[in-house]
Amino acid sequence: MQHYPIGTPGTPWSDDEKLQWKAKQTVQRSYREEVLDKLERMVPDGFKKLAYGALPYDESRYPLFAVVPVEFDNSKPSALVTGGVHGYETSGVQGALQFIETRLKDYSEHFNAVVVPCVSPWGYETINRWNPMAIDPNRSFFVDSPSPEAAQVMKFVDSLNLLFALHIDLHETTDTDNSEFRPALAARDGVTHDNWNIPDGFYTVANTPSPEIEFQKSVIDAVREVTHIAPPDENGKIIGADVVSDGVICYDKKSLFLCGGMTDAKYVTTTEVYPDSENATPQNCNDAQVAAICAALDFIR
């Protein structure tokens, strides 16, 4: 396990050390150019772009948007797609945008489909897992959350007053999980984390209390047509969790305060694309996310 350059091993970070970490972060890409400008020109007929808040770090730079039906139909099931909870996971954002542009309208007859393409725009710009306060938004989906990213999207989803049948949350597992983010987490919390084997391929994370394995299989089978599925490691696991079906592991999303636990949807999955594969391209990763979304919707249609 490598030593992280901030903090003292075995001692959790103080506020000063969190500020040291924040000072090392730099903007590496543009949320406006890569997300907001795209949204301006891609929302299909029958849908609208809806502002639901802004991040307090810079409200003009980080407005928060969802794409929602112009009119909700209570006779239709409702589906939620979230991307960019971890801003560094690029295809979670760009895959959601590609779905909005190319496939969202196809499902308007059957669903109230709500898409939040970039929950964490500061993380997107700085290519980061955390927010500026060294908080992981995807461990912060609880009442009085300290993460503005999680708090604001939860408030927005609650305000819709919908009973969601489906929630698909778009993520990636990258080589930087071992080279940067797990070492940073261990340093921040003053603990030791063993690195895990980064899975080479796509997998999904089901919800432990209700994994809905046939649903997960349908997503895996669709994505298999686009990219390869992650095999288990020598211990039969993926990122330390037991493989319950080909390319499927489980986390208890509510107890871990994950984005995937913020609704009571029956069908819940988290996608995990592997962009660092020799066989992957940015477009291939986006296509995998779109295939997963469409397969999830098709399963419950």
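Predicted model: local features only at pLDDT ≥ 70, side-chain atom pairs only at ≥ 80, totals over all residues.
Residues are numbered from 1 along each chain as its sequence is written, and side-chain values use heavy atoms, leaving out hydrogens and water.

Helices (H or I, at least four residues) and strands (E, at least two) are DSSP runs, numbered from the N terminus.

| Property of H6 | Value |
|---|---|
| Residues 176-189 | 14 residues |
| First C-alpha to last | 18 Å |

The expected span is 1.5 Å times one less than the number of residues. Buried residues (under 20% relative accessible area, 1.4 Å probe, protein chains only) in H6 include Phe181, Arg182 and Pro183. Gly190 follows H6 and has a positive phi, near 65°.

The axes of H3 (residues 90-102) and H8 (residues 282-300) come within 8 Å and cross at roughly 60°. Axes are lines fitted to C-alpha atoms, for helices over the stretch in contact, and angles run from 0 to 180 degrees between N-to-C directions.

Leu50 lies in strand S1 (residues 47-54). Beyond its neighbours within four places in sequence, Leu50 is in contact with Leu64, Phe65, Ala66, Val68 and Phe156, where contact means heavy atoms within 4.5 Å. Leu50 and Asp298 are 248 residues apart in sequence and 25 Å apart in space, C-alpha to C-alpha.

Technical notes:
Buried < 20%, exposed > 50% of the residue type's maximum accessible area, 1.4 Å probe, protein only.
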